[in-house]
Amino acid sequence: MTATNHVPTAADSGASATERFKADKPTGVANTPKERVDLLAREMLDAMHATIRRHNVTYDEFNALKAWLIGVGEAGEWPLFLDVWVEHVVEQVATEHRQGNKGTIEGPYYVPGAPEQGDRGVVPMRENEPGTLLTWTGRVTSVDGRALAGAQVELWHADADGLYSQFAPGIPEWNLRGTFTAGADGRFEIRTIRPAPYQIPTDGPCGKLIAAAGWHAWRPAHLHVKVSAPGHELLTAQLYFPGDEHNEDDIASAVKPELMLAPEPAGDGEIVGYDFVLDPVPA
Ligand code: MBD
Ligand code: FE
């Protein structure tokens, strides 16, 4: 059974991801000194020049690159491209200092403000949402072990067809997106369904690069979360399922061993436990 009657295209999800990014993320460099802009821009250009010299890049290849870059922008795939092939290094640098969970990349499909479900509840989903039921219990604490009552766990993930609401057409607005608020002891319980693996759209410029380079287009099945509490650093993470054939070769390089779930069969679905430890904001 498929959840939609419309085959999603790269242009659908790319345009939505670009609009989402422009609406939510700070993009100014007003506080960046020109010395730093000069350093970063020059080193990135130096790296490109070195590649051109080392491999005798031709005018045909240069023009193919130019056409491809124009296409990435036209299809709205800059968020996809950067989150798949660059974000994992930014994330590693940004969270290296943490003593609690480090997490992993956000990706292009987060939407703030998902409906509040309290400390235990079912994530918004369609009647007869396809997929294995998953009951996840967890707890949010600070690095000193203190329970973080009122911590928010924002969850978003793909459906059993690998599609995200608000980025693929024909899916209810907040489908498989919800905000949970930890109770007095920092505990929460979330009921959802297991997502399917995600395939990068194959009909857009990122898909063309993947095909031209002989790569595959898959991310393993994953749950996205953002966990936040006052006075603590925001944790952005993804959780994965054992046995997925792409856990070892995620196109987005975002799998870490500590993000692997261990679900067990229970009733007509599965249960799993996974806790979060947040770092206090440095004084
Ligand atoms: C995704 O679902 C995702 O999580 C990332 C990082 C990139 C593309 C699609
Ligand atoms: Fe994702």
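A polar contact is taken here as a pair of N or O atoms within 3.5 Å, where, within protein, one atom must be able to donate a hydrogen and the other to accept it, and residues adjacent in sequence count only if both atoms are side-chain atoms. The model is predicted, with local features needing pLDDT of at least 70 and side-chain atom pairs counting only at pLDDT 80 or more, while totals for chains, interfaces and linings use all residues. Residues are numbered from 1 along each chain as its sequence is written, chains are lettered from A and ligands numbered from 1 in the order in which they are written, and side-chain values use heavy atoms, with hydrogens and water left out.

Oxygen atoms of ligand 1 lie 3.1 Å from an N or O atom in the side chain of His 222, 2.8 Å from one in the side chain of Arg 219 and 2.9 Å from one in the side chain of Tyr 164. The protein covers 100% of the 260 Å² of accessible area (Shrake-Rupley method, 1.4 Å probe) that ligand 1 has on its own. Residues surrounding ligand 1, with a heavy atom within 4 Å of it, include Leu 80, Val 84, Ile 105 and His 224, and by class the shell has seven nonpolar, three polar and one charged residues.

Elsewhere, Glu 91 lies in helix α5 (residues 87-95; a DSSP run of H or I of at least four residues).

Note on methods
Ala, Val, Leu, Ile, Met, Phe, Trp, Tyr, Cys and Pro count as nonpolar, Asp, Glu, Lys and Arg as charged, and the others, Gly among them, as polar. Helices (H or I, at least four residues) and strands (E, at least two) are DSSP runs, numbered from the N terminus.
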